[in-house]
Amino acid sequence: MCDSCGCGDTNLVPVEVQQRILSDNERTAAHNRHHFVERSLLAINVMGSPGAGKTAILEATARTLIGRRLIGALAGDLATDHDAQRLQAAGIRAASITTGSACHLDAAMVHHALHELRWNDLDYLFIENVGNLVCPAVYDLGQAANVVVLSVTEGEDKPLKYPVMFHKADLVLISKIDLLPHLPEIRIERIIENLGRVMPDPRCIAVSARTGEGIEEWVNCWLHDQEIAVAPAHYAETGGRFHV
């Protein structure tokens with residue numbers, strides 16, 4: 001739990017202070033969004049539990065997009081820059097955001113990190129949030145879309161236990177599906193059914209970063225459609241051309 005915002009606990013931080021924090025965050029998020037839109041940059045907030053497979057999916061995304069799009073990432077964690085190092089090794093232009101006691105990223109952290117990352121020429125920016133299914137859903141970062149990574153190893157009822165996170169999601173990537181043969185008690189159909197109970201517009205893709213299953217659909221269909229929606233002129237200019 002954050003010692004700055006209290007994560008909604010009014011015993012730690014009064015309501016009026018929480019409201020001021022969120023109001024300040026919304027202003028900074030709008031500032032971030034203005035920069036992203038101005039540069040035709042598709043920014044995606046990637047959320048999920050610790051160990052859900054967020055970093056592995058971004059590594060697989062980089063392998064699929066190599067030579068086609070320039071991608072960057074901001075990797076949030078309470079401590080260490082291990083995820084940012086992994087992303088850099090995968091060919092992603094990445095920087096780390098170390099939050100200390102904060103269990104989520106906020107718009108100001110993202111704004112500050114952008115000064116540490118060369119991002120003006122990027123096509124996609126993935127903001128890998130701190131592993132947490134609660135607080136990250138509350139804080140707008142200026143992103144165009146929210147993607148939640150949900151591993152099959154987390155069980156079938158996570159959408160019902162953490163409805164706010166999944167209610168805010170534009171897409172859920174059901175990850176680690178290569179492990180399903182070893183999880184006879186888990187049925188992906190039940191996960192999808194539960195997502196449908198909490199998501200206003202249920203959209204999900206089953207993926208495996210290890211085998212590559214579902215990654216093409218995620219990259220070539222969903223991300224492709226988001227890019228067209230966010231920056232149609234930029235897509236028309238670069239859609240048929242590879243970066244070199």
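Predicted model: local features only at pLDDT ≥ 70, side-chain atom pairs only at ≥ 80, totals over all residues.
Residues are numbered from 1 along each chain as its sequence is written, and side-chain values use heavy atoms, with hydrogens and water left out.

**Exercise 1.** Find which residues of helix 7 are buried, and where they lie around the axis.

Solution. Helix 7 spans residues 188-198, where helices are DSSP runs of H or I with at least four residues and strands are runs of E with at least two, numbered from the N terminus. Its buried residues (under 20% relative accessible area, with exposed over 50% and partly exposed in between, for a 1.4 Å probe and protein chains only) are I188, I191, N194, L195 and V198. Because they cover an arc of only 120°, taken from the directions from the helix axis to the C-beta atoms, they sit on the same side of helix 7. An α-helix has 3.6 residues a turn, so residues three or four places apart point the same way.

**Exercise 2.** Name the elements against which these buried residues pack.

Solution. With contact meaning heavy atoms within 4.5 Å, the partners are strand 5 (145-151), helix 5 (158-161), helix 6 (163-167), strand 6 (171-175) and strand 7 (204-206).

**Exercise 3.** Locate S40 and state its phi.

Solution. S40 is in the loop between helix 1 (15-38) and strand 1 (42-48). Its phi is near 55°, a positive value in a residue other than glycine, and at 23% relative accessibility S40 counts as partly exposed.
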